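Here is a short briefing on one protein chain. Take a look at the structure first, then read the points by topic.

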Amino acid sequence: MTGVALAEELLLLAYDDTTGKATMPRISLDLGMAAAVLVELALAGRIAYADGSLTVVDPTPTGEPFSDDVLGRIAADTPHTPASWVQRLRHGLRDRILADLCRQGVVRDVDETELGFIHVHRYPVVDTSVEAETRQRLAEALTGAAAPDERTAALATLVVVLRMESALGVSGEAAADARRRLTEIATGAGFSGEVSTDNSVVRPSVGLVVAALARAVDQALGPRR
């Protein structure tokens, strides 16, 4: 695995570049982080979805510490459903990913004190190039300027499942349009469960994992408001 992790891309989209604060509910973001790491492992050919559970098909380390930690946990445990794994993994994962982004110099940790004793951390962006590349890929996918690859289609699926359309800088009717297009991308990739994996533009093994995780996160978040 090379480049920026999917969870890191998702996290950068979810945090305001200037204030360094999350722009979405923490429970949603934490579930998204867990799902993104699992999707990353599927993209790397390390896990698969079979008989209702996520299983390890290749225990070889990926080179990314938090992904390899999750890979090791899945390999050492009994089979669990995607819904179970996103709940098991969500605690503390966001802090680890933020720390990694700080180490890379993409964001910085601003430690502030409120009311004289409450520590609040903000993470304003330092290197805008990483998020800019992510947003460009999503924009091209949304406008149809470029057919999304597996990774971008998976990211688009997570964005729509987590109700993150506003993170794309749109609101009102534009947000509704973005949601429709993101859903179309997910469906076309076979990530919504509405298209046969045989007809998907991505590997069936990846499609099964992403579709299962998308359903798990959507159910955990409840109905859209």
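The structure holds 17 salt bridges. A salt bridge is a side-chain nitrogen of Lys or Arg within 4 Å of a carboxyl oxygen of Asp or Glu. This is a predicted model, where local features need pLDDT of at least 70, side-chain atom pairs count only at pLDDT 80 or more, and totals for chains, interfaces and linings use all residues. Residues are numbered from 1 along each chain as its sequence is written, and side-chain values use heavy atoms, with hydrogens and water left out.

- The side chains of Arg137 and Glu9 meet in a salt bridge, at 2.6 Å from N to O.
- This pair links distant parts of the chain: Arg137 sits in helix α6 (residues 129-143), Glu9 in helix α1 (residues 6-14), and they are 128 residues apart.
- Helices (H or I, at least four residues) and strands (E, at least two) are DSSP runs, numbered from the N terminus.
- Are these two residues buried or exposed? Arg137 counts as buried, because its relative accessibility is 16%. Glu9 is also buried, at 2%.
- Buried means under 20% relative accessible area, exposed means over 50%, and partly exposed lies in between (1.4 Å probe, protein chains only).
- A second salt bridge joins the side chains of Arg163 and Asp218, at 2.9 Å from N to O.
- Here too, distant parts of the chain are linked: Arg163 is in the loop between α7 (150-161) and α8 (172-188), Asp218 is in helix α9 (residues 204-221), and they are 55 residues apart.
- Arg163 is partly exposed, with a relative accessible area of 22%. Asp218 is partly exposed as well, at 36%.

- Glu184 forms a salt bridge with Arg181, and the closest N and O atoms are 3.4 Å apart.
- Where do Glu184 and Arg181 lie? Both are in helix α8, three residues apart, which is about one turn of the helix.
- Glu184 counts as partly exposed, because its relative accessibility is 48%. Arg181 is partly exposed too, with 23%.
- Salt bridges that share partners join Glu9, Glu40, Glu133, Arg137 and Arg151 into one network.

**Two helices side by side**

- Two packed helices are described by the angle between their axes and the distance between the axes.
- The axes of helix α2 (residues 26-43) and α9 come within 9 Å and cross at roughly 170°.
- That makes α2 roughly antiparallel to α9.
- Axes are lines fitted to C-alpha atoms, for helices over the stretch in contact, and angles run from 0 to 180 degrees between N-to-C directions.
- Angles under 35 degrees count as roughly parallel, over 145 as roughly antiparallel, 65 to 115 as roughly perpendicular, and the rest as oblique.
- On the α2 side, the residues making the contact include Ser28, Leu31, Ala35 and Leu38. On the α9 side, they include Val206, Val209, Val210 and Leu221.
- Contact means heavy atoms within 4.5 Å.
- Ser28 lies in helix α2. Ser28 is buried, with a relative accessible area of 8%.
- Which residues does Ser28 touch, not counting residues up to four places away in sequence? Ser28 touches Leu162 and Leu221.

**Loop residues**

- Asp51 lies in the loop between β1 (47-50) and β2 (53-56). Asp51 counts as exposed, because its relative accessibility is 83%.
- Phi of Asp51 is near 55°, a positive value in a residue other than glycine.
- Arg163 also has a positive phi, about 60°, although it is not a glycine.
- Arg108 is placed in the loop between α5 (93-104) and β3. Arg108 counts as partly exposed, at 47% relative accessibility.
- Arg108 and Leu98 are 10 residues apart in sequence and 8.9 Å apart in space, C-alpha to C-alpha.
- Arg108 touches Cys102, Arg122, Tyr123, Pro124 and Val126, not counting residues up to four places away in sequence.
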